Amino acid sequence: MRHQLEGNRLIGLAKEVAGLQGLKWVQFGQGMLAMSLRMLPPDKSIIERRSEIVAKLEKIAGTEAVIADEDGRRTFESDGLNAYRAMPLVVVLPKTTDEVAEVLRYCHGEKIKVVARGAGTSLCGGALPLEDAVVVGVSRMNNVLEIDYDNRFARVETGITNLGISNAVSGEGFFYAPDPSSQLACTLAGNLAMNSGGAHCLKYGVTTNNVLGMKVVLMDGEILEIGGAHLDAEGYDLLGLMVGSEGQFGMITEATVRIIKSAEAARPMMIGFPSVEAAGGCVSAIIASGIIPVAIEYMDKPAIEVCESFAKAGYPMDAEALLIVEVEGSEDEINDLLGRIASIAEPFAPTTVQISSGAAQSAKIWKGRKSAFGAIGRISDYYCMDGTIPLSQLPEVLRRIGEICTSHGLKVANIFHAGDGNLHPLILYEANDPKQAERAEQAGAEILTLCVEVGGCLTGEHGVGIEKRDLMTTQFSETDLGLQMRIKTVFDPDWLLNPGKVFPLEMLSETGMPNVA
Amino acid sequence: MLAPFVEKQLPVEILGSGSKSRVGRPMQTAGAISTASMHGIWMYEPTELVMSAHAGTPLAQIEAELAGNNQMLAFEPCDIGPAVGGARGSQTIGSVFATNSSGSRRITVGAARDHLLGIEAVSGQAELFRSGGRVMKNVTGVDLCRGLSGSWGTLGVLTEVTFKVLPAPEKTATLVYLGLPDDIGVELMCAAMRLPYEVSGTAHLPQSVAARLETAVLAEQGQSITALRLENFEKSVDYRSAAMRAELKVYGEPIIIGSTASLEFWNELRRLSVLPFSEESCLWRISATPMMGPKVVAAIRRHMPAEVYYDWSGGRIWVEVPASADAGASDIRRAVAVHGGHATLIRADQSVRSSVEVFQPQSPLAERIIRGLKTTFDPFRLLNPGRMYANL
């Protein structure tokens, strides 16, 4: 019963991640939706052919690779956006690119939809299954194929976890830069599909800036190789199009990523402020001085309080806003930079300036920040947003977020990657109260619309998925979306890959094909 | 501007200043559109590290504005104009992104395409479209910023670009090792990149190419040079250059040049002054895995004489070969095929550029995709038709 073990392992991992992120792991009834988004109606004729499809997939990938029983499938019925669930038609976990290709070729021939899946940690429903679609997971394809320190790349199968790459190269003091907070569990495949970021991308960039080459299985089973171990892939930037395409264009089974030598050391400092404005002003002043810290993390008072009670990191409880600023280098360089930052902060009348005393305190400071979602999850259900805003708009945006949430009778805590403008408001609500859940979703939509209004965007690192699908029209014109959809058609002419996501449902027909303009 | 061409379905050449118009396959067009009339920086927020400009804004104007705030385009756009007989220092910001042009710092900070945050562009059906925005992190929708980077005006006409800028370093120092053969020079560059000192430029110039340098202190050494650049606050640069010297001492004792000479030297590489325009020779640009660079060059030299220099730790190779009917294409492409990577013919006579592939040939499957993309953006094949690939 290998597949059940696989399923159990996955559900364990998913629970672990959910715990890390403070998500409640609740089993809903099959097909029950807690929230209000509409999905494409499943194709009954495909569901009726389930046993025939299962048999064929077992023939292609082996029985141990196919999960067809109800308990097994249930472990895949959701992703990190676990208010939404759907029982997959069947799950297949191939072991090689060729098997993936054969599965896709078969599904293409039979016009069966496919949802690609990494570890299922997407927070926007990007990996949400469909009742009439085969889930093709890469979790068993997790080998490191080649590591080359002289040329500074690693070639891996994409089922490897994000942290797995860094662990594979840490012995030589190297790391893989993008570090989403789910990095213990999330796969490179998912990172590539979503163009994941993390706390360190201010200095090192996001996924798209760290990929050199890839092997992609297209829906018709053809295998496309792009780039390699050299810089700048030839021809059009297909790498750039593939990264962040949310499983719409193809399944990436292998990738060559850039690995970077770690700095000699890193150390954070905490600066507390009496107001949001002062904290925002200080971030601007640090950047204007020519210092690019590795990370600048912002927390508001509700977030500080919850995280402090959880992590006991010594966060200043009298501050309205807290910055955690981390720099890298040798001991002397770190002292020099943190000293500079402390004097830059001085005119903003900080209530606290505290440089980490050493490794133990650094770990605590980061533990508080990284477990923020988990800590908040202990006191309430929450809905995590992922808008991006220009830094200068921070005070105004936080004021209006407060107003929006108050108007819906909800509380909010804000966490902000200040260096790159990525804002995570956590809207607190009671999940068992359908009215509150609906209001939280409504408040979330208003917040994202606000982000777009002030010059930002709907999603900085989580992706569109189903969650922000119908808000896309607030950021893009019909022409913009039309072009994006035509590009999807180039890669997947029958629109079989991850249907009903990313693009507004109103622009699609009942079968998930674009409405012809 | 484009609408009349679209209406009559007339093919059109897309230009900025035209400094790179001699790169690519020759085209047959009914006219040209230049973005040069659309110029001006319309948004610059130094504390948010972001700038927006109309596509025709001269790069020089942008760099001057940034320098006024001690900032820069970190990817160090390369000026290939002079090497192809075009004007020096005239390129527009739109062309920098349309050709994904990056210089020596690309190896540490990424390429032009990595710094592009948002675009406004016009398709071959005269539709105005946008992608991205002004914020650093943005995963909303299909990433057309990357999609249009390096498409050489064949998919759309960029009208506005928004990009990331970074602080200029307080101090620059360059460690210069003398007299190393190509393979040892490349090995040294790769060894330097394995150290935690954020080396921001690595170049190896064999003796004959180093002799062409205008930076006197280096040209007069009369030897090959291998240059490693450090940029940071003064204290860090001093500490790191001492640490690097110690760690790399098996490669000899470097001369260390300070900010002024360093800027002069790395700027020379940016404008390719060591590869001046000549009708007697053709110029190739190769991207390879760094340690493979010298092997690619050795394979080429089995068939023809070649002057080369290595950037990007050995992974970017500029190769000057004698002019010939095919510019050495078949031997050069075979050398690259064996060792991995890709080659672009940057300079050759027009007749040569129409008879051999200028850009790296694609696999049939990739070709199917890029043709599909061309049809999506420019169904009537009006924008720079055939510039990158025949019938595209």
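Me: How many helices and strands does chain A have?

Reply: In this predicted model, chain A has 18 helices and 19 strands.

Me: What does the radius of gyration say about chain A, and what does the C-alpha trace span along its principal axes?

Reply: The radius of gyration of chain A is 23 Å, close to the 24 Å that the globule rule gives for 517 residues, so chain A is as compact as a globular protein of that length. Along the principal axes, its C-alpha trace spans about 70 × 55 × 45 Å. Of the 517 residues, 60% count as buried. Among contacts in chain A between residues at least 6 apart in sequence, 73% join residues at least 24 apart.

Me: Which residues touch the most other members of the largest nonpolar core?

Reply: The general idea comes before the case. In soluble globular proteins, nonpolar side chains tend to be buried together. The largest nonpolar core here holds 287 residues, and A:V92, A:V114, A:V134, A:L323 and A:I427 touch the most other members. Helix α10 of chain A, residues 276-288, contributes the largest share of this core, with 7 residues. For A:L323, leaving out residues up to four places away in sequence, the residues touched are A:I271, A:A279, A:C282, A:V283, A:I296, A:E297, A:Y298 and A:A418.

Me: What domains does the assignment give for chain A?

Reply: The domain assignment gives domain 1 (2-137), domain 2 (144-261), domain 3 (265-372), domain 4 (380-469) and domain 5 (479-517). As one example of a boundary between domains, 14 residues of domain 1 of chain A are in contact with 10 residues of domain 5 of chain A. On the domain 1 side, the elements giving two or more residues are α5 (97-110) and β3 (113-117) of chain A. The largest share of that side, 4 residues, comes from β3(A). By class, the domain 1 side has 8 nonpolar, 3 polar and 3 charged residues.

Me: How many residues of chain B are in contact with chain A?

Reply: The size of an interface is often given as the accessible area lost when the parts come together. Here the description rests on residue contacts: 64 residues of chain B are in contact with 71 residues of chain A. Several elements of chain B each supply at least two residues to the side that touches chain A, among them β7 (128-132), α7 (182-193), α10 (234-247) and α15 (364-377). The element that gives the most is α15(B), with 7 residues. The chain B side divides into 26 nonpolar, 24 polar and 14 charged residues.

Me: Why is α7(B) described as largely enclosed by the rest of the structure?

Reply: A residue counts as buried if 20 or more other C-beta atoms lie within 10 Å of its own. In α7(B), 9 of the 12 residues are buried, so this helix is largely enclosed by the rest of the structure. The buried residues are B:D182, B:G185, B:V186, B:E187, B:L188, B:M189, B:C190, B:A192 and B:M193. They pack against β10 (171-178), β11 (201-205), β12 (225-232), α10, α12 (293-301) and β15 (307-311) of chain B. From its first C-alpha to its last, α7(B) reaches 17 Å, close to the 16 Å expected at 1.5 Å a residue.

Me: Which element gives the most to the side of domain 2 of chain B that touches domain 3 of chain B?

Reply: The assignment for chain B gives domain 1 (3-167), domain 2 (171-270) and domain 3 (281-355). The centres of domain 2 and domain 3 of chain B are separated by 24 Å, taken over C-alpha atoms. Between these two domains, 14 residues of domain 2 are in contact with 12 residues of domain 3. The elements giving two or more residues to the domain 2 side are α7, β11 and α8 (207-210) of chain B. Of these, α7(B) gives the most, with 6 residues. By class, the domain 2 side has 9 nonpolar, 3 polar and 2 charged residues.

Me: Where is B:L195 found?

Reply: B:L195 is found in the loop between α7 and β11 of chain B. With 17 C-beta neighbours inside 10 Å, B:L195 counts as partly exposed. Not counting residues up to four places away in sequence, B:L195 touches A:K261, B:M244 and B:E247.

Me: Is B:L213 buried or exposed?

Reply: B:L213 counts as buried, with 20 C-beta neighbours inside 10 Å. This residue lies in the loop between α8 and α9 (216-219) of chain B. Leaving aside neighbours within four places in sequence, B:L213 is in contact with B:L218, B:A219, B:E268 and B:V274.

Conventions. Residues numbered from 1 in each chain as written. Chains lettered and ligands numbered in written order. Predicted model: local features only at pLDDT ≥ 70, side-chain atom pairs only at ≥ 80, totals over all residues. Contact = placed C-beta atoms within 7 Å. Nonpolar A, V, L, I, M, F, W, Y, C, P; charged D, E, K, R; others polar. Core = buried A, V, L, I, M, F, W, Y, C linked by C-beta atoms within 7 Å. Expected span 1.5 Å × (residues − 1). Domains from an automatic or database assignment. Rg over C-alpha atoms; globule rule 2.2 N^0.38 Å.
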